[in-house]
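Hi everyone, thanks for making the time. I'd like to walk you through one model today, so please have the viewer open.

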Amino acid sequence: MDLSRLKSDRDYLFASILGTAAVIIVIIMIWNGLTWLWSWFSTAGDNGSVWLAIWDFCKANLSILIVIYGLISLQASGLAELKFGKNFLKAFGLALILTPPIMMAVYGHRKKKKNSKEGT
Amino acid sequence: MSGLNKIVLKYPRTVIALSLLITVIMLSFLPRIQFDSDVKAMIPDDFPAVKNLTDLDSIFGGSDIIVVAVESDSLFSSDRLKKFAPLDTLLSNVEGVDRVMSLYSAKEISGGAGVLSIDNLMDEIPDSPQGIDSLMKAVKASDLVYESLVSKDFGAMAFFLMLGATVELNDKEIRDEVLKVIEPFREPEKIYAAGLPFTRSSIVETMQTDMKSFLPYGILLMIILLALSFRSWMGVFLPLAVVIMSIIWTLGLMSMLGIKFTMISILIPVMLIAVANDYGIHIIAHYFENFKRQKFTEKEANIRDTIGSLNKPIFLAGITTIVGLMSLLGHFLPPAKQLGLLAGFGVFTAFSLSLTYIPAALKILRIPPWIAEGGQDHRFNRFLQGWGRFFVRFKRTVLAVAVVGVIIAGLKIPTLRIDTDPIHYYREGSEIRVNNERISENFGGSSQLSIVVTGDIKEPATLRRMKDISNFLEAQPSISRTISIVDQVELLNEAWHDDDTLYRTIPEDTVINGDTISGRSQVAQLLQFLDDEDVEQLVQMEEDTSTWETEFIKAQIIGRINRISSAEILALNQKVDNYIESNYSFEEVSSVTGAASILGTLTDLVARGQLRSLAISLVLVFLVTSMVFRSFQAGLYSVFPLGGAVILVFGFMAYFGIELNVATSMLTSILIGVGIDYTIHFLWHYRRYVREGMDGHEAVIQTLTTSGKGIIFNAFSVMIGFVILTISGFLPIFFFGFVIIFSIGMCLVGALALLPALVVWTKPKFIFREVKGGS
């Protein structure tokens, strides 16, 4: 946080105050979520394999996992578009099909290649 | 540029942080949301049917029953009867079950040689074929058992689980416990279990499954649609953020107000996914378009222009949608009112965030690098021009075809059926429906209606009154049988007179050796043979402190109903109520109540609520558009395509056998709330181009190629948003999905085909009149 900017920029000051309150609430919610996850994880394996329980959990919440994956892909392709100047739709397609890290790696690799060509 | 927009652009980070803070606060309320599957909750508490049912439950114990039925070709054999004997005890041990009525616990009232005895019908299970034969004869002779606990063909027997009303019962726990008990008894015999607690717990599970699918898959569909449309992260993320925030705010408010999820309110997130992105889409499209046309190169100027030119249409579209949705507040069903309120709040949130959060985010975010490379979509423009020319050229034919179509659809409307039976929420062949149908076929239904009689129940005159009502009920084809204390009194009287069937009547005053023995004292004497638990579900007992005698002050007559439609139940309710009203006062005999009567009342409310909310929404939309265009004629022109769409939709439903139910009765208000946007956008821009000097034909083409694109894109995004409803586990929601897509399509055709033809043909004054100070 830029302290000097807090004094000069009222927008930055208000946003920091509100943002901090929001972050605190999010931390509490994440903490509660982790506590629930921990208690679930510690009892999950009681009647069999933990992996089986995780698999069942994933199956039961498949739709939520899919949309989380979709959102991560969206953010990654946004990064590719705005940071590397790539075509968003292509990046999004690649992220969905190949997973976001592979998409980023592909673009990073191409960027390196381009840079090395420019260098020679 | 309004003051609010100036503040947004001056404090963009604050606006974003505030939106996020409110979102996380609202998010923290979400885990508290509860589900309500009770059909009773669909009806206002002050309605007689609900009040009577609450009273009934408090007096006679729970009106909820669970029926467990065993079906086998050779059920009446020693082995089978022995196998299922423990079920009676095991089921009565289930928490929440007051008592179990079955063949194993059934009583037989018999008399002879001056002795009246009440024994178990089956003291022990017979081993020999002769014993089984005599048991079957005894069953056939018992009115309380035959066709009630044992089916007519002896192929099935039932265990009726009477549930207590004194404790708050958890439907799911009871269902799971009952299923656990019956599990070891399955195969090779078939066991069915049904009843409202089973239906209610299934409804909750289906609601949870639907919610788990609707939100994620709806959001995913929207991401794909926005990605394909804007081809930019910003174009996807900002409208999506508005949708997600408006859903969280709305559900947070729902939780704060203590409103529970019902089958209807699971529509709210889907509606917001479909509708809430519209305003954001318009803003982003305009913002990008300005950059593409190089109207602006600097962000802030572009945002000012975008918001300045879209403020009014977005405000109007938002207000008319809110007004349409809020018209559901005029509906009779509380969940419909809640849907109207919450969806209206959601749309308000969406359009407020679209005018604050999106401009603030646009100011902070970088402009996509490719933005200056865009171009016009000429093929789509050519299509729209051709479309406009066609409908303007053949305007009379187009309007004539539309009118004929609407008339044909209107003629079909009287065949539209209404159905509120929760069993019909599920597909034919589903376990819950099969179980109910089998039980209904064998034992005359798992649903019942009740009538409460007040007075001195031991008095023969009161019993005769009850007998008359029972006879009237049994004369109705939809009632399989009735149960009341009168049956017990008659059987006891018969047994008291050495099983002489002539005495299967209510005792009368009798003179013996010159002494008159009143009918009342005979009834009182006979009833002493019964245990309290045998009658507590049929009469309300009260200790008379002067005589220390137990008096019966209220009694209920139960009518078991065959599986009939809820519209038939409504007709039955009305017939029985008319009978009661014309023969008795409501002080001595109550109007019809019971779980089945709730369905009948619900049917009535669905039909009346539909008409009321439709009328309110049409009137409100008429008034709002009249005010916007300052002309009642404009109001009529706006309502015209919507009215046509409503008639076509009802005709479509009637033609394809889609019933009007608690979900589809929300349809017209949503249709009008969403569909009015297209009409307003068209008329607004058409009037603008006419006033700029274009003739009627030219203005149509210009309107279609400019705002027409937005209208089409908007309508398709709404339709795609609602597509997700077709994966619902509930049939009403599944059909709602289809019908809403059809109806939005009709509104689109109304706004972009019929309205152009109509305005070009009739040249309405509110568009073509001279404007002061210009053309």
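I'll take the two chains in turn, then where they touch, and then some local details.

A quick word on conventions: residues are numbered from 1 along each chain as its sequence is written, and chains are lettered from A, with ligands numbered from 1, in the order in which they are written. This is a predicted model, so local features need pLDDT of at least 70 and side-chain atom pairs count only at pLDDT 80 or more, while totals for chains, interfaces and linings use all residues.

Let's start with chain A. Its secondary structure comes to 6 helices and 0 strands; here helices (H or I, at least four residues) and strands (E, at least two) are DSSP runs, numbered from the N terminus. Of the 120 residues in chain A, 18% are buried. I call a residue buried if 20 or more other C-beta atoms lie within 10 Å of its own, exposed if 12 or fewer, and partly exposed in between, with C-beta atoms placed from the backbone. Among the contacts in chain A with a separation of 6 or more, 22% are between residues 24 or more positions apart. Two residues are in contact if their C-beta atoms, placed from the backbone, lie within 7 Å.

Now over to chain B. This chain has 26 helices and 12 strands, and buried residues are 50% of its 775 residues. Its C-alpha atoms fill a box of roughly 110 × 55 × 50 Å along the principal axes. For contacts in chain B between residues at least 6 apart in sequence, 79% join residues at least 24 apart.

How do the chains meet? On the chain A side, 25 residues are in contact with 29 residues of chain B. The elements of chain A giving two or more residues to that side are helix 2 (10-44), helix 4 (62-84) and helix 5 (88-98). Helix 2 of chain A has the largest share, 11 residues. By class, that side of chain A divides into 17 nonpolar, 6 polar and 2 charged residues. Here Ala, Val, Leu, Ile, Met, Phe, Trp, Tyr, Cys and Pro count as nonpolar, Asp, Glu, Lys and Arg as charged, and the others, Gly among them, as polar.

The largest nonpolar core has 264 residues, and B:L161 and B:V649 have the most contacts inside it. A nonpolar core is a set of buried Ala, Val, Leu, Ile, Met, Phe, Trp, Tyr and Cys residues joined through C-beta atoms within 7 Å. Helix 25 (residues 731-762) of chain B gives the most to this core, 21 residues. If you click on B:V649 and leave aside neighbours within four places in sequence, you'll find contacts with B:L667, B:L671, B:V739, B:F742, B:S743 and B:M746. Helix 9 (residues 267-275) of chain B is mostly covered too, with 9 of its 9 residues buried.

While we're in chain B, have a look at B:Y689 in helix 23 (residues 667-691). Why does B:Y689 count as buried? Because 20 other C-beta atoms lie within 10 Å. Not counting residues up to four places away in sequence, B:Y689 touches B:M694, B:A699, B:Q702 and B:T703.

On to the sheets. In chain B, 4 strands form an open sheet in the order 2-5-1-6, with antiparallel pairing; two strands pair if DSSP finds at least two bridges between them. The edges are strand 2 (97-101) and strand 6 (190-195) of chain B, each pairing on one side only. Strand 2 of chain B is joined to strand 5 (residues 156-163) of chain B by 4 bridges, and B:R99 stands opposite B:M162 in strand 5.

Last stop: strand 12 of chain B. Strand 7 (residues 447-454) of chain B runs antiparallel to strand 12 (residues 549-561), joined by 8 bridges. Strand 8 (residues 479-483) of chain B also pairs with strand 12 in the antiparallel sense, over 4 bridges. In their hairpin, which has 4 residues between the strands, B:W548 takes a positive phi near 55°.
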